[in-house]
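Below is a short report on strand pairing, helix packing and nonpolar cores. The chain is shown first.

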Amino acid sequence: MKFVCRSCETFMTYAEQEKISDGSLGITFSCPQCGHRFSMVTNPGETQMVNALGVKVGGRDAPAQPLEMTRQSLETSVERRTSNVAPSTGAGCPFPQMLAADEAKKPSVEPRPSLAWTTDAELRLERIPLFIRPMVQQEIERVARQRGVTLITEDLLQEVREQMSPK
């Protein structure tokens, strides 16, 4: 992200960064041509996210190299795969670690019995508009499992349709 001075239309440069007592961050930019300055203040949540993502505040010292972000992303990905351990501290996106922790907390789920569809039931399902078909199929399979049925027939589709239809 770059900022442009409205007075002289020059790219502003990073001037300084100040940590504010409540966890906020103040960042000041200045115009190298006319000296105009402005500050941007982040709230504690934004500051935490910037730190967790490893974002460097203040711009670059060297020009960007071609495909630089792609190369860095691939290097990080290869490092994680070869080390087989997700980083626990430091820069990087915290969300994969949070998702992995949530997955570990989930109770084990018993496998669902597989369901078979008769040809007539499949043909009838195909006549349902595509945008709603997945929802209807999910409901039919839910009802079948609830009843202990392993073969979905056209009769079951009709029963579920009548249950779903407004009266």
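Tyr-14 stands opposite Phe-29 in β2. Strands here are DSSP E runs of at least two residues, helices are H or I runs of at least four, and both are numbered from the N terminus. The model is predicted: local features need pLDDT of at least 70, side-chain atom pairs count only at pLDDT 80 or more, and totals for chains, interfaces and linings use all residues. Residues are numbered from 1 along each chain as its sequence is written, and side-chain values use heavy atoms, without hydrogens and water.

β1 and β2 run antiparallel, joined by six bridges. Strands pair if DSSP finds at least two bridges between them. The open sheet has three strands in the order β1-β2-β3. β1 and β3 each have a single partner strand, so one side of each is left without a neighbour in the sheet.

| Strand | Residues |
|---|---|
| β1 | 13-19 |
| β2 | 25-30 |
| β3 | 37-42 |

Now helix α6, residues 154-164. Its buried residues are Leu-156, Leu-157 and Val-160. Buried means under 20% relative accessible area and exposed over 50%, with partly exposed in between (1.4 Å probe, protein chains only). On the other side of α6, Asp-155 and Arg-161 are exposed. The buried residues of α6 pack against β4, α4, α5 and β5. Contact means heavy atoms within 4.5 Å.

The largest nonpolar core has 13 residues. Such a core is a set of buried Ala, Val, Leu, Ile, Met, Phe, Trp, Tyr and Cys residues joined through side-chain atoms within 4.5 Å. Its largest share, four residues, comes from α5.
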